[in-house]
Amino acid sequence: MTATTPPITVPGDKSIAHRALMLAALARGTSRLRNVPAGLDVLSTQRALRALGVTIAREGDEVVVSGSGGALVAPDTPIDCGNSGTTIRLLAGVLATRGLTVTLDGDGSLRARPMRRIAAPLAAFGTQIELSPRGTAPFIVHGNAHARGAEVEVVVPSAQVKSAVLFAALGAHGRSRVTGQLATRDHTERLFDAFGIACAADERGALVVDGPQTPQAADLYVPGDVSSAAFLLAAAAAVPGACAVVEDVGLNPTRIAFFDVLRRFGAEVEVRASDGGPEPRGRVAVRGAALHAIVIAPGEVPGLIDELPLIGVLGAFARGTTVVSGAAELRVKESDRIETFARAARAIGVELETFDDGFAVHGPARFHDGAIVTAGDHRIAMAFAVAGRAAEIAVLLDDPECVAVSFPNFTAALDCVA
Ligand code: S3P
């Protein structure tokens, strides 16, 4: 593919940055992290770690973390995790096996999200988590400094749950074996290795951590967030002949299923890896085409979880019926993403049906201008900004600023898609 457009970069990967900051905070020594995104979610993690007594400074383009060696201190007031599910759930895991009592809280959206999914597996370490009556935040973590290694089955296909358990295993005494739904993004496993933590899969596929282990400080580059890049790539994919090139973007195999989805829709996709390291990265170019509908099978959902509303938007440009099923998890994201997606899609003329666990979009839509209720959900806002641009209709977002949790300069970046 001859790409004629100038390459775009996207903010550093949110998932990687949360984990790198937490590991650096627990480490012995000083870690230097480059390309840490300035989105509000990652700032929530930095604020939380500072509240636990960790020194974090920005020096030029580096975030410098003076590791605590595990000696965190409990703040007197609740820690506000903002809108960030990864912050609150992973931090609960970090705190589960330390001898502190800490209250974790968040904004209205985070307070509506399920937390039993972490409280139940962390109980295996003797940790008591007092949830609100609805099973949500705010909640109190009574960490157990004398936790013993545990056998824990992850029953929700969620990298946040898996990672909470792995972080808890770091502080426990003895062997922990983590089994169950482990085929989700593997940043925690990769970064454990980068920070000198031994964590290996045994012959039956369980993740094994012998605790306690203290991470060793590391210097790390955070590649661009492929889930943010997805919006720019989709904006090109939906318009025949349009082109987007994103460079320096993460190419972790557990995160790039969306590239194949774009190909199945009929777009041209070229991927060039430039760097290995714990988190591979490179350049992705997409050229748009007349799209045809695709079906996303339930087994694909964990690898596409953040891209599903965007796939729904692409379905509106594609000939035929695009179906997503097995995705009930969408109902407990920053918003109920089946409902918010459907309402927004209908507002611009898209015909679709919703199910308990997904949706079917009939394309190509006869788009018209419309006003979108984002429910403060960054991925809904970006998906429909993409729809507006690709369909050349006026899309009025009720809360365009909500993109700041993951992609503060999104609007300017979208303008670079030619
Ligand atoms: C994330 C995992 C996903 C994803 C979220 C970030 C992570 O959530 O939706 O944006 O960093 O582990 P689940 O693991 O709950 O599916």
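Reply: Two helices, α1 (14-26) and α5 (159-171), each supply at least two residues of the shell around the ligand. Helices here are DSSP runs of H or I with at least four residues, strands are runs of E with at least two, and both are numbered from the N terminus. Keep in mind that this is a predicted model, where local features need pLDDT of at least 70, side-chain atom pairs count only at pLDDT 80 or more, and totals for chains, interfaces and linings use all residues. Residues are numbered from 1 along each chain as its sequence is written, and side-chain values use heavy atoms, with hydrogens and water left out.

The shell itself is made of Ser15, Arg19, Thr86, Ser158, Ala159, Gln160, Arg185, Ile305, Asp306 and Lys333, a residue being in it if one of its heavy atoms lies within 4 Å of the ligand. By type, that gives two nonpolar, four polar and four charged residues; Ala, Val, Leu, Ile, Met, Phe, Trp, Tyr, Cys and Pro count as nonpolar, Asp, Glu, Lys and Arg as charged, and the others, Gly among them, as polar. Domain 1 (14-217) and domain 2 (226-414) both contribute to this shell, so the ligand lies between them. Those bounds come from an automatic or database domain assignment.

Now for the polar contacts (pairs of N or O atoms within 3.5 Å). A polar side-chain atom of Asp306 is 2.6 Å from an oxygen atom of the ligand. On its own the ligand has 380 Å² of accessible area, and the protein covers 95% of that (Shrake-Rupley method, 1.4 Å probe).

As for the backbone, most peptide bonds are trans and most residues other than glycine have a negative phi. The bond from Ala137 to Pro138 is cis, with omega near 0°, and Pro138 is found in the loop between β6 (128-130) and β7 (139-142). Gly211 and Pro212 are also joined by a cis peptide bond, with omega about -5°; Pro212 is in the loop between β11 (207-211) and β12 (219-221). Finally, Asp248 has a positive phi of about 60° although it is not a glycine, and its place is in strand β13 (residues 243-250).

Note on methods. Polar contact = N/O pair within 3.5 Å; in protein donor to acceptor, adjacent residues only side chain to side chain.
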